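Notes below as I went.

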Amino acid sequence: MYDIVIVGAGTAGLTAAIYALRAGKTVLVLEAKSYGGQIINTPDIENYPGIKHISGFDFATDLYNQAKALGAEIKYEKVLSVADGGHNQKTVLTAKNSYACKAVILATGAKNRPLGLEKEESMVGAGVSYCATCDGAFFKGKEVAVVGGGNTAVEDAMFLSNYCSKVYLIHRRDSFRGEEKGVEALRKKENVVFILNANVTALLGKYKLEGIEVTNKLDGSVQVLPVAGVFIAVGQMPENSAFADVVTLDKAGYITAKEDCLTGTEGVFTAGDCRTKAVRQLMTAAADGAVAALAACSCIDG
Ligand code: NAP
């Protein structure tokens, strides 16, 4: 039996592992895809206290290595459900195994939100991407578009502007959620074109992207942009339905918890972007990981 099973090896989950291991607990981290979570796709982190800047990949890898060095066991298995058998008796089920533990920390993060356009899914890898750092290099010297107005879109546009011939930044409003500093830097780039108050309304091309149709929300005018790639950065959605039996989900599907990371079920905690919260940042994911791990340790010992 493990003391704590952590579901998710992103910033929240790996931070929780570090805190729990340092408190002397045994820890298993279960991850469905690869370690690092969303931050691994961020080209440059500049707002994590104490680190002037670092790539998301380096940050995630350092965190992973830190957790491993402390003794974290990390397995790549998708968790299908969590069952509550009372105090210090939980079961975490994957397709291959069933793990008994005393406490569970759900740190499942969130996945990219699609625009919901026709052909969007089939064109992933053929011009449609949700990750500029992963796929940007395929579009060297070409025209691309980034959709969204948050920090991800702003950072992606900056990243792509360094080697794409032109970057259209398409946002549905005329003010940005992303930090002003980043938006200002983009305005100074000669090859970045802002298209505001507009939505992408169609993906053009049969098998691979040949352009996009953009509709202005104010006057209904439509323009076609001959881009080879479109990078969709319109936020995230949680993936918590597997845990609906053991925790409460809000209307949007996030796990309900206050700042103490406690869910409604004793011994089941949650941390990071998968839970209800006002600020979803790297910093707050790490903070949640620490809070959830220490709360889980007290619950086990209490
Ligand atoms: P976000 O902040 O939620 O922004 C999503 C953007 O997409 C918003 O501008 C939103 O428009 C737009 N949008 C949503 N649905 C849309 C739709 N169906 N069609 C068109 N546009 C749509 O998401 P994010 O940029 O991925 O960032 C997520 C969190 O991570 C944020 O807290 C962000 O600050 C953080 N983050 C931090 C860093 C960093 O600190 N280095 C880097 C990346 C992300 P509206 O504005 O109109 O709602």
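Predicted model: local features only at pLDDT ≥ 70, side-chain atom pairs only at ≥ 80, totals over all residues.

**Strand β2.** I started with β2, residues 27-30. Which way do its side chains point? Val27 and Val29 go one way, Leu28 and Leu30 go the other, and all are buried.

**Neighbours of β2.** I then checked the pairing. Strand β1 (residues 2-7) runs parallel to β2, joined by four bridges, and I found Val5 opposite Leu28. Strand β3 (residues 73-75) is also parallel to β2, with three bridges between them; here Val29 has Ile74 as its bridge partner.

**Crossovers.** I traced the links next. Helix α1 (residues 11-22) sits between β1 and β2 in a right-handed β-α-β unit. From β2, the chain makes another right-handed β-α-β unit through helix α2 (residues 56-69) to β3.

**Ligand shell.** How many residues surround the ligand? I get 20, and the closest are Asn47, Arg173, Arg177, Arg280 and Gln281. Sorted by class, the shell has eleven polar, six charged and three nonpolar residues. Helix α4 (residues 151-161) contributes the most, with three residues.

I looked up distances to ligand oxygen atoms. A polar side-chain atom of Arg177 is 2.7 Å from one, and a side-chain N or O atom of Arg172 is 2.9 Å from one. Gly150 uses a backbone N or O atom, at 3.4 Å. On its own the ligand has 910 Å² of accessible area, and the protein covers 81% of that.

Conventions:
Residues numbered from 1 in each chain as written. Heavy atoms only, no water. Buried < 20%, exposed > 50% of the residue type's maximum accessible area, 1.4 Å probe, protein only. Helix = DSSP H or I, 4+ residues; strand = E, 2+ residues; numbered from the N terminus. Pairing = 2+ DSSP bridges. Right-handed = clockwise from strand over helix to strand, strands pointing away. Near = heavy atom within 4 Å. Polar contact = N/O pair within 3.5 Å; in protein donor to acceptor, adjacent residues only side chain to side chain. Areas by Shrake-Rupley, 256 points an atom, 1.4 Å probe, with all protein chains shown as cover. Nonpolar A, V, L, I, M, F, W, Y, C, P; charged D, E, K, R; others polar.
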